[in-house]
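Please read them beside the coordinates.

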Amino acid sequence: EPLRVGADGDHRIATYAMGGLVISLWELPAGCHDRPNTDVCPYPVFVTDELAPAHDVLVSKGLRTTGIRQSAVTRFFQTEDLDGNRWEFSETFWESE
């Protein structure tokens, strides 16, 4: 059973606990089938209760980020590794309807 089912703005999402990790799955837009559209490809999301300090530490080490953004249910920032793969850091989700 999912821990949470809801929406992050326009995107439906389900969150599951698996082996000590929390996995979130977003519904892809209709007609989306392949990479390189990084906006709709899977990527890891690291969840923290201390988003701003985590962001500040990573930026102080030279990591380029999107800056902290806010969605309908959380705050987050994204970055890319040297291969162009997206990584996201997010606060614990707020309750949504």
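1. The term buried is used for a relative accessible area under 20%, exposed for over 50%, and partly exposed for values in between, with a 1.4 Å probe and protein chains only. Ser 90 is part of strand 7. Helices (H or I, at least four residues) and strands (E, at least two) are DSSP runs, numbered from the N terminus.

2. On sources, this is a predicted model, in which local features need pLDDT of at least 70 and side-chain atom pairs count only at pLDDT 80 or more, while totals for chains, interfaces and linings use all residues. Residues are numbered from 1 along each chain as its sequence is written, and side-chain values use heavy atoms, with hydrogens and water left out.

3. Which residues does Ser 90 touch, not counting residues up to four places away in sequence? They are Val 45, Phe 46, Val 47, Thr 48, Leu 51, Thr 74, Arg 75 and Phe 76. Contact here means heavy atoms within 4.5 Å. As for strand 7 itself, five of its six residues are buried, leaving the strand mostly covered.

4. The sheet is open and consists of four strands in the order 4-7-6-5, with mixed pairing. Strand 4 and strand 5 (69-70) are at the edges; each has a single partner strand, so one side of each lacks a neighbour in the sheet. Two strands are taken as paired if DSSP finds at least two bridges between them.

5. Strand 4 and strand 7 run parallel and are joined by four bridges. Within this pairing, Val 45 has Glu 88 of strand 7 as its bridge partner. Strand 6 and strand 7 run antiparallel, with five bridges between them. Here Phe 76 is partnered by Ser 90 in strand 7, and Phe 77 stands opposite Phe 89.

6. The hairpin of strand 6 and strand 7 has five residues between the strands, and Gly 84 in that hairpin takes a positive phi near 85 degrees. Helix 1 (residues 51-60) lies across strand 4, strand 6 and strand 7, and runs at about 20 degrees to strand 6. For such angles, axes are lines fitted to C-alpha atoms, for helices over the stretch in contact, and the angle runs from 0 to 180 degrees between N-to-C directions.

7. How many salt bridges does a search of the whole structure find? There is one, and it joins Arg 75 to Glu 91, with the closest N and O atoms 3.0 Å apart. The two residues belong to distant parts of the chain, 16 residues apart: Arg 75 is in strand 6 (residues 75-80) and Glu 91 in strand 7 (residues 86-91). The criterion is a side-chain nitrogen of Lys or Arg within 4 Å of a carboxyl oxygen of Asp or Glu. Arg 75 is partly exposed at 26% relative accessible area, whereas Glu 91 is buried at 14%.

8. Three aromatic pairs are present in the structure. Phe 46 and Trp 87 make a stacked one, 5.5 Å centre to centre and with 5 degrees between the planes. Phe 46 is in strand 4 (residues 45-48) and Trp 87 in strand 7, 41 residues apart. Both are partly exposed, Phe 46 with a relative accessible area of 38% and Trp 87 at 29%. Phe 77 and Phe 89 have ring centres 5.0 Å apart and planes at 10 degrees, so this pair is stacked. Phe 77 in strand 6 and Phe 89 in strand 7 are 12 residues apart, and both are buried.

9. Rings of Phe, Tyr and Trp (its six-membered ring) pair if their centres lie within 6.5 Å; planes under 30 degrees apart count as stacked, over 60 as edge-to-face and the rest as tilted. Through ring pairs, Phe 46, Phe 77, Trp 87 and Phe 89 are linked into a cluster.

10. A last point concerns Leu 3, which lies in the segment before strand 1 (4-8). Is Leu 3 buried or exposed? Leu 3 is exposed, at 57% relative accessible area. Leaving aside neighbours within four places in sequence, Leu 3 is in contact with Thr 15, Tyr 16, Ala 17 and Val 22. Leu 3 and Ala 14, 11 residues apart in sequence, are 7.6 Å apart in space, C-alpha to C-alpha.
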